[in-house]
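Biologist: Can you walk me through this one? I have the sequence and the model open.
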Amino acid sequence: MDYLPLFHNLRGSRVLVVGGGEIALRKSRLLADAGALLRVVAPEIEVQLRELVQNSGGECVLRGYAEADLEGCVLIIAATDDPLLNAQVSRDAQQRCVPVNVVDAPALCSVIFPAIVDRSPLVIAVSSGGDAPVLARLIRAKLETWIPSTYGQLAGLAARFRTQVKGLFPDVQQRRAFWEDVFQGPIADRQLAGQGAEAEHLLLAKINGTAPVATGEVYLVGAGPGDPDLLTFRALRLMQQADVVLYDRLVAPAILELCRRDADRVYVGKRRAEHAVPQEQINQQLVDLARQGKRVLRLKGGDPFIFGRGGEEIEELAAQGIPFQVVPGITAASGCAAYAGIPLTHRDYAQSVRFITGHLKDGTSDLPWSDLVAPAQTLVFYMGLIGLPIICNELIKHGRSADTPAALIQQGTTSNQRVFTGTLGNLPQLVAEHKVHAPTLVIVGEVVQLREKLKWFEGAQSQI
């Protein structure tokens with residue numbers, strides 16, 4: 001180990017920064033966030049750095065560096081573009097046994113800046129010892145995606161009750177077991193879901209020995225339209241901790257693989273007129289599994305509240321007193337349109353967009369056609385493939401031009417994405433010619449003509 005990682009308490013302490021440019025500004029921002037009093041010395045100091053120093057209670061010294069500037073400082077930063085000056089600052093600091101960092105010159109440093117993931121009071125530092133700083137930053141970026149910002153709030157919750165728990169459990173092993181249970185159970189779940197007051201209430205009950213018997217919970221999570229990169233951080237976290245997964249047909253295999261490896265997986269998908277498990281049974285399964293104390297992930301393609309019957313499921317959970325969380329997902333309209341290069345709204349073509357289910361609960365397509373032919377709007381039909389001839393005929397019959405641009409997006413956002421563009425008049429013909437099958441999204445509107453200018457997803461194939 002070339003460097004021993006330590007965390008330096010700088011609050012209220014003087015730190016010298018030699019240099020007044022962009023590099024000095026970047027370092028000074030970190031120091032100010034840590035509560036340091038900045039002394040910035042340089043013949044010229046840029047405006048943003050001056051404002052930062054002033055706002056943090058520090059001082060700007062508009063002249064060249066002098067050794068006396070080190071007086072009273074607990075940390076020295078050399079951030080100039082003059083190698084000789086940087087080396088002098090390093091020598092002066094090390095002769096006084098004051099930690100010094102010289103930007104981009106590891107050999108002159110006694111301390112180095114790591115790449116930081118800040119979830120205060122939880123702070124994670126990553127360092128390559130100055131040998132590969134870009135790699136350290138890339139690793140930090142991965143950690144940023146894995147660790148939600150609410151982990152800092154969870155650490156803050158623990159800090160508020162640490163002394164109380166220490167008095168309750170004098171033995172360190174007992175305290176460790178207590179906090180492991182807190183950080184892996186419903187208390188942490190509530191805090192990470194943004195329900196801080198409920199988390200604190202549960203923690204107090206646990207300390208006082210009045211905590212209710214542990215019950216399960218349901219996570220209603222939107223898996224997005226197919227690309228795993230479109231999952232939210234919160235969705236991924238809940239997918240990793242669920243005991244049981246109930247998933248739909250539209251959940252991509254690559255997304256399902258991100259769930260916890262040892263979780264039970266139950267397929268409850270539906271096709272038109274073919275329901276593997278009726279909705280009422282799905283609702284009951286969610287209730288039954290949660291009452292067994294399990295953490296149940298209800299994983300749904302797209303967004304659970306947009307034609308996903310998520311409202312019906314949480315209505316049953318609420319009626320049965322089952323705790324649940326809802327995590328929105330990127331709905332197919334947004335994801336598929338973006339990957340196909342079709343903006344759903346555009347100042348020149350469409351000032352509104354409507355999401356429409358292609359068939360109603362009784363299997364008909366009795367839609368408000370007169371409203372759907374209004375100008376300057378984009379129509380997005382979910383589950384519209386079977387009823388597409390009726391949809392096209394009715395829109396034309398009620399006044400929409402047969403030449404209106406239209407698109408079919410099959411398996412949008414995935415590597416199997418196919419996009420076919422045509423008109424309202426020939427859309428059913430494109431389905432027959434290219435053997436288009438579900439899941440396919442239908443977009444109708446002038447914005448479709450922008451696809452050839454804006455398409456970017458390499459997996460897309462087009463038919464004009």
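Modeller: One term to begin with: contact means heavy atoms within 4.5 Å. Also, this is a predicted model.

Biologist: Fine. Which strands does helix H16 lie across?
Modeller: Helix H16, residues 427-434, lies across S17, S18 and S19. Its direction is at about 145 degrees to S18.

Biologist: And helix H13, which strands does that one lie across?
Modeller: H13 (residues 332-340) lies across S15, S16, S17, S18 and S19. The helix runs at about 75 degrees to S19.

Biologist: What is the strand order in that sheet?
Modeller: The order is S15-S16-S19-S17-S18, in an open sheet of five strands with mixed pairing. S15 (352-357) and S18 (418-423) are the edge strands, each pairing on one side only. From one strand to the next, the twist averages 20 degrees.

Biologist: How many bridges join S17 to S19?
Modeller: Five bridges, and the two strands run antiparallel. S17 covers residues 405-410 and S19 covers residues 440-444. Gln410 stands opposite Thr440 in S19.

Biologist: Is Cys97 buried or exposed?
Modeller: Cys97 counts as exposed because its relative accessibility is 71%.

Conventions: Residues are numbered from 1 along each chain as its sequence is written. This is a predicted model: local features need pLDDT of at least 70, side-chain atom pairs count only at pLDDT 80 or more; totals for chains, interfaces and linings use all residues. Side-chain values use heavy atoms; hydrogens and water are left out. Two strands pair if DSSP finds at least two bridges between them. Helices (H or I, at least four residues) and strands (E, at least two) are DSSP runs, numbered from the N terminus. Axes are lines fitted to C-alpha atoms, for helices over the stretch in contact, and angles run from 0 to 180 degrees between N-to-C directions. Buried means under 20% relative accessible area, exposed over 50%, partly exposed in between (1.4 Å probe, protein chains only).
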